[in-house]
Amino acid sequence: MSAAAPTQQNCPSCGAAAPVLLRHSKLAVCEFCNSTLFIEDAQVASAGEKSVLTEIPSILVRGRKFITGNWTFEPVGRIRYEYGASEGYWDEWWVQLSTGKMKWISNDEGEYVIQNEFKLKDDPPAFDAFTLGRKVKLFDQMLTVTELNEATCIGLEGQLPEVVAVGDQHRYAHLEGPKGAMFTAEYDDEGCSFYKGAWVDPFEIKPA
Ligand SMILES: [Zn+2]
């Protein structure tokens, strides 16, 4: 048995024990005072603003296990985004698969989409190169731009792999290809990320 005492990590704001941190967490919301805790080298480094998510009905619940297809997963964190000028919002859930892999699942008005990050081989196009309704060549296929908008973070909970704060904004484009292929391009000050979406039938998401 080791003589070393286990390191107890505490919320810098209220002193409560910080959650057990996941390997890729960069941020955790304190379960007691809702302060945003910033993580560096698996240590709680500092605390930021408080964030509270308004609870709305959702199939997914943080800390519970779910099954869809041959996946078992547990939601560990969520970011809520408002799109456009208060036109609506959606949630991005960060989930841990039973294999330990992490994924994003977006939930917009009852629609669930698994977001698989997609690395571009070539230089990414400028956001302004997208025109609504026009086609663009990306991922070696012709995709139609079906939505262009701006997203603003309006709340967070649990643990997240990126540092995000209420008020943070990014632009995004939704692109659709043949046979229902669906992509999202996200652009912010630090660059851009691309995701290929896979629809999940909400009736096929079951408690594990
Ligand atoms: Zn706290």
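Predicted model: local features only at pLDDT ≥ 70, side-chain atom pairs only at ≥ 80, totals over all residues.
The protein is divided into domain 1, which covers residues 1-50, and domain 2, which covers residues 66-207. Taken over C-alpha atoms, the centres of the two domains are separated by 27 Å.

- The size of an interface is often given as the accessible area lost when the parts come together.
- Between domain 1 and domain 2 the buried area is about 980 Å², and carbon and sulfur atoms give 62% of that area.
- On the side of domain 1, the residues that lose the most area to domain 2 are Leu22, Leu27 and Val29, which together account for 50% of what that side buries.
- The count of salt bridges between domain 1 and domain 2 is 0, whereas the count of residue pairs in polar contact between them, with both residues at pLDDT 80 or more, is 6.

**Aromatic pairs**

- A pair of aromatic rings is described by the distance of the centres and the angle of the planes.
- The structure has a count of 13 aromatic pairs, one of which joins Trp94 and Trp104.
- The ring centres of Trp94 and Trp104 are 6.4 Å apart and their planes stand at 35 degrees, so this pair is tilted.
- Trp94 lies in strand E6 (residues 88-97) and Trp104 lies in strand E7 (residues 102-108), so the pair ties together parts that are 10 residues apart in sequence.

**Salt bridges**

- Side chains of opposite charge can pair when their charged atoms come close.
- The structure has a count of 10 salt bridges, including one between Glu157 and Arg62, whose closest N and O atoms are 2.3 Å apart.
- This pair links distant parts of the chain, with Glu157 in strand E10 (residues 141-160) and Arg62 in the loop between strand E3 (43-50) and strand E4 (66-68), 95 residues apart.

Definitions and conventions. Residues numbered from 1 in each chain as written. Heavy atoms only, no water. Domains from an automatic or database assignment. Buried area = accessible area lost by both parts, 1.4 Å probe. Salt bridge = Lys/Arg side-chain N within 4 Å of Asp/Glu carboxyl O. Polar contact = N/O pair within 3.5 Å; in protein donor to acceptor, adjacent residues only side chain to side chain. Phe/Tyr/Trp six-rings, centres within 6.5 Å; stacked < 30°, edge-to-face > 60°. Helix = DSSP H or I, 4+ residues; strand = E, 2+ residues; numbered from the N terminus.
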